[in-house]
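Here is a short briefing for a first look. Please keep the sequence and the 3D view open while reading.

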Amino acid sequence: QVQLVESGGGLVQAGGSLRLSCAASGRTFSGYARGWFRQAPGKEREFVAAISWSSGSTYYADSVKGRFTISRDNAKNTVYLQMNSLKPEDTAVYSCAAARGWGRNLMYDYWGQGTQVTVSS
């Protein structure tokens with residue numbers, strides 16, 4: 001059974017940092033892009049960041065560019081999201097996902113359950 005499990009969420013003050021992890025099990029994601037998404041209460045899920053299989057390419061939502069960094073360790077089947085200079089508007093449930101190939105309009109096949117990030121002002 002394929003699973004994506006996020007960890008590292010929590011409560012942090014504005015201006016602080018958190019590092020999220022997403023560990024995959026049940027298969028390797030060779031050739032798959034990995035992405036992070038978030039959903040705030042009462043809002044639709046939105047894209048945050050994505051990284052290609054080789055880590056050679058990344059892209060970010062404008063709202064997090066310059067503050068968040070996505071990375072991956074293929075040997076560990078894990079993707080990370082380093083979040084710095086956090087703002088209250090970053091409060092959301094953060095989920096990771098995996099998609100075959102690469103591009104800006106990927107169809108994500110696998111999803112994690114999410115981890116809560118709360119930023120206090």
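Which handedness does the disulfide of C22 and C96 have? The torsion about its S-S bond is about 45°, so the disulfide is right-handed. This is a predicted model, in which local features need pLDDT of at least 70 and side-chain atom pairs count only at pLDDT 80 or more, while totals for chains, interfaces and linings use all residues. Residues are numbered from 1 along each chain as its sequence is written, and side-chain values use heavy atoms, with hydrogens and water left out.

**The disulfide**

- A search of the whole structure finds one disulfide (a pair of cysteine sulfur atoms within 2.5 Å).
- The bond joins C22 to C96, with an S to S distance of 1.8 Å.
- C22 lies in strand β3 (residues 18-25) and C96 in strand β9 (residues 92-100), so the pair ties together parts that are 74 residues apart in sequence.
- Strands here are DSSP runs of E with at least two residues, numbered from the N terminus.
- In general, a disulfide is a covalent bond between the sulfur atoms of two cysteines.
- C22 counts as buried, at 0% relative accessibility.
- C96 also counts as buried, at 0% relative accessibility.
- Buried means under 20% relative accessible area, exposed means over 50%, and partly exposed lies in between (1.4 Å probe, protein chains only).

**The sheet around β3**

- Four strands form an open sheet in the order β1-β3-β8-β7, and the pairing is antiparallel.
- β1 and β7 stand at the edges with a single partner strand each, so one side of each is left without a neighbour in the sheet.
- Neighbouring strands of this sheet are turned by 15° against each other on average, direction ignored.
- The axes behind such angles are lines fitted to C-alpha atoms, and angles run from 0 to 180 degrees between N-to-C directions.
- Two strands pair if DSSP finds at least two bridges between them.
- Strand β1 (residues 3-7) and β3 run antiparallel and are joined by five bridges.
- Across this pairing, E6 stands opposite C22 in β3, and L4 stands opposite A24 in β3.
- Six bridges join β3 to strand β8 (residues 78-83), and these two run antiparallel.
- Here A23 stands opposite T78 in β8.

**S95 in strand β9**

- S95 is found in strand β9.
- At 12% relative accessibility, S95 counts as buried.
- Which residues does S95 contact, leaving aside its neighbours within four places in sequence? They are E6, G35, W36, F37, W111, G112, Q113 and G114.
- Contact means heavy atoms within 4.5 Å.

**Positive phi in two loops**

- N77 is found in the loop between β7 (68-73) and β8.
- Phi of N77 is near 55°, a positive value in a residue other than glycine.
- N77 counts as buried, at 12% relative accessibility.
- S85 is placed in the loop between β8 and β9.
- S85 is not a glycine, yet has a positive phi of about 50°.
- Is S85 buried, partly exposed or exposed? At 42% relative accessibility, S85 counts as partly exposed.
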